[in-house]
Amino acid sequence: MSDLSDTAAEIHDEFSEHVDATVDDVEARLQKLVSEYKVPLDEARRSVENHYLDEAGLDRDDLAGGGGNETVQVEDVDEPEQWVDLTAKVVELWEPRSDSVGQVGLLGDPTGTIKFTKWAKSDLEELREGQTYRLGNVVTDEYEGRYSVKLNRTTSIQAVDEEFDVGDNEDEVEGALVDIQSGSGLIKRCPEEDCTRVLQNGRCSEHGEVEGEFDLRIKGVLDDGGDVHEVIFDEEATEALTGIGLEEAKQMAKDALDTTVVADEMRETVLGRYYRVTGPTFGRYVLANDTEQLDGPADPEAVLIKARSM
Amino acid sequence: MSNAPTREVARRAFAAEFNDAEFTFKESDDERAPLYALLPTGERANRVFVVGTLTETEDIGEDSEYWRGRVVDPTGTFFVYAGQYQPEAASALRDADTPQYVAVVGKPRTFETDDGSVNVSLRPESITPVDEATRDRWVVETAERTLERLDAFDDEGNEYAERARAEYGEDVSPYRRALLEALEDFDNAEADVPADA
């Protein structure tokens, strides 16, 4: 095969899901540019691709993965902006918080669960809760160490008959809570659609000065003397841990004319205590789903026996 | 994932061992490289976690506030110093009632006294009041971690044990005795409580 027909085959593969053209059609277009108009092959390729992008109503970005996506499992997703194929069950559908989101929820396979977002403008079929789908051409994304996949208009959705138990990629970590990091306590988040970044001095790193929305969060460190685990407690988990809810935190901040009093009070209540936290790990963080204070009687027996036997 | 330096583990050591950790070192020539105290049972400690009874606090500063707290565990006393650069810990010591159980997260620091001996102390990152259950758990956990270090002390390729041997000598039996006493202490205290209480 010549370079030209190789290139034609590659372009055909890229567009096979979107455009109804044969390899010969593609090759003819390339041929015309290269032979008749003396256009270099790589430039010709660009031009032909643009023609088909137009025809399919796609952006070049939509093609990034091309035809040969890697088929991955949920636990393999550890890098943003990868084009992958995934077979997963819709575990939960959530209420979209914005009109631009068609559907949002949780996908799961035997290795774990991952958030998905389907844009309204992508015009894809509705996903049903409990149904397993083969999803072709989804893009991975990352936010604060947490991965998700986005369905876009090039995504293929095919319901499949596959039954499996969705894995809970939950970890259990325990230790003394030795630090509550900055950015904890009563925080403000950017109210822009789908942003939710934490504001620094009233500014969002993406949207500038905005009127933030209050939220509670703790970024803490559990340490057992051998390993260190960073744990994020969301509003619910923070209230469970500290006994301070969002309304109370707002009142505290109002009374003190200062939001930092909330984190200070929380430090006082929880630093230096022992906890066991279970939840999924995203990047370097464990997200606390369940927190238990380890305040039962300590048992010296096992260590004592071992120490005496040395 | 991230280029941020990984956070240093907070080691567990009883006061009897911590106060002997006079030798400090850095792993690189970089000015900002973390400082480690060498624990005699063979581990490096950039940070420690301590729970004990805060028995006394005193402002020993001359020009500005400089607080010293004594935190007692079953084997000895940790000396905790906090001044203007540790404002939260300093105010915790200023406001603290004694005696009470406290948890201290901090960095080991050493200083040489006029007579040439080296004192080991703790520069706190945080000091918080805790309950007895937390203190008891710490004693057991610290005994466990110390035992693990003693267990690995003679292991081939245990770099910090080798350094400890060179700096402090072979004899780690005082630390084994200290941990036994700490646990037995605890056992007796439990036994003192009548079964039907």
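**Close-ups of a two-chain predicted model**

Over all chains, the structure holds 30 salt bridges. Keep in mind that this is a predicted model.

**View 1. Chain B on its own.** Chain B carries five helices and nine strands. Walk along the sequence and the order reads β-α-β-β-β-β-β-β-α-β-β-α-α-α. Of the 197 residues here, 45% are buried. Take the contacts in chain B with a separation of 6 or more, and 62% of them link residues 24 or more positions apart.

**View 2. Where chain B meets chain A.** Interface size is often quoted as the accessible area lost when the parts come together. For chain B and chain A, that buried area is about 3,100 Å², and carbon and sulfur atoms account for 61% of it. Chain B brings 35 residues to the contact and chain A brings 33 residues. On the polar side, 11 residue pairs are in polar contact across the interface, counting pairs with both residues at pLDDT 80 or more. Which parts of chain B do the touching? Strands E1 (10–11), E8 (100–112) and E9 (118–129), along with helices H3 (132–152) and H5 (173–192), each supply at least two residues to the side of chain B that touches chain A. H3(B) has the largest share of that side, at 13 residues. By type, the residues on this side of chain B split into 18 nonpolar, four polar and 13 charged.

**View 3. Salt bridges between the chains.** Chain B and chain A share four salt bridges. One of them pairs the side chains of Arg12(B) and Asp223(A), at 3.2 Å from N to O. Another salt bridge brings together the side chains of Asp151(B) and Lys306(A), with an N to O distance of 3.4 Å. Asp151(B) sits in helix H3 of chain B and Lys306(A) in helix H7 (residues 301–309) of chain A, so this pair joins two chains. Asp151(B) is partly exposed at 42% relative accessibility, and Lys306(A) is partly exposed too, at 38%.

**View 4. A strand-to-strand bridge in chain B.** Glu58(B) and Arg68(B) make a salt bridge, their closest N and O atoms being 3.2 Å apart. Glu58(B) belongs to strand E5 (residues 47–59) and Arg68(B) to strand E6 (residues 67–73), so the bridge ties together parts of chain B that are 10 residues apart in sequence. Glu58(B) is partly exposed, at 39% relative accessibility. Arg68(B) also counts as partly exposed, with a relative accessible area of 24%.

**View 5. Bridges within chain A.** Glu126(A) and Lys118(A) form a salt bridge, with 3.6 Å between the closest N and O atoms. Are the two partners buried or exposed? Glu126(A) is exposed, at a relative accessible area of 54%, while Lys118(A) is buried at 2% relative accessibility. Elsewhere, a network of salt bridges links Glu172(A), Glu174(A), Arg276(A) and Glu292(A).

**View 6. Around Thr238(A).** Thr238(A) is part of helix H4 (residues 235–242) of chain A. With 0% relative accessibility, Thr238(A) is buried, because that value is under the 20% cut-off. What does Thr238(A) touch? Leaving out residues up to four places away in sequence, its contacts are Leu216(A), Arg217(A), Ile218(A), Phe233(A), Gly243(A), Ile244(A) and Met266(A). In the case of Ile218(A), its backbone nitrogen lies 3.5 Å from a polar atom of the Thr238(A) side chain.

Conventions:
Residues numbered from 1 in each chain as written. Chains lettered and ligands numbered in written order. Predicted model: local features only at pLDDT ≥ 70, side-chain atom pairs only at ≥ 80, totals over all residues. Heavy atoms only, no water. Helix = DSSP H or I, 4+ residues; strand = E, 2+ residues; numbered from the N terminus. Buried < 20%, exposed > 50% of the residue type's maximum accessible area, 1.4 Å probe, protein only. Polar contact = N/O pair within 3.5 Å; in protein donor to acceptor, adjacent residues only side chain to side chain. Contact = heavy atoms within 4.5 Å. Buried area = accessible area lost by both parts, 1.4 Å probe. Nonpolar A, V, L, I, M, F, W, Y, C, P; charged D, E, K, R; others polar.
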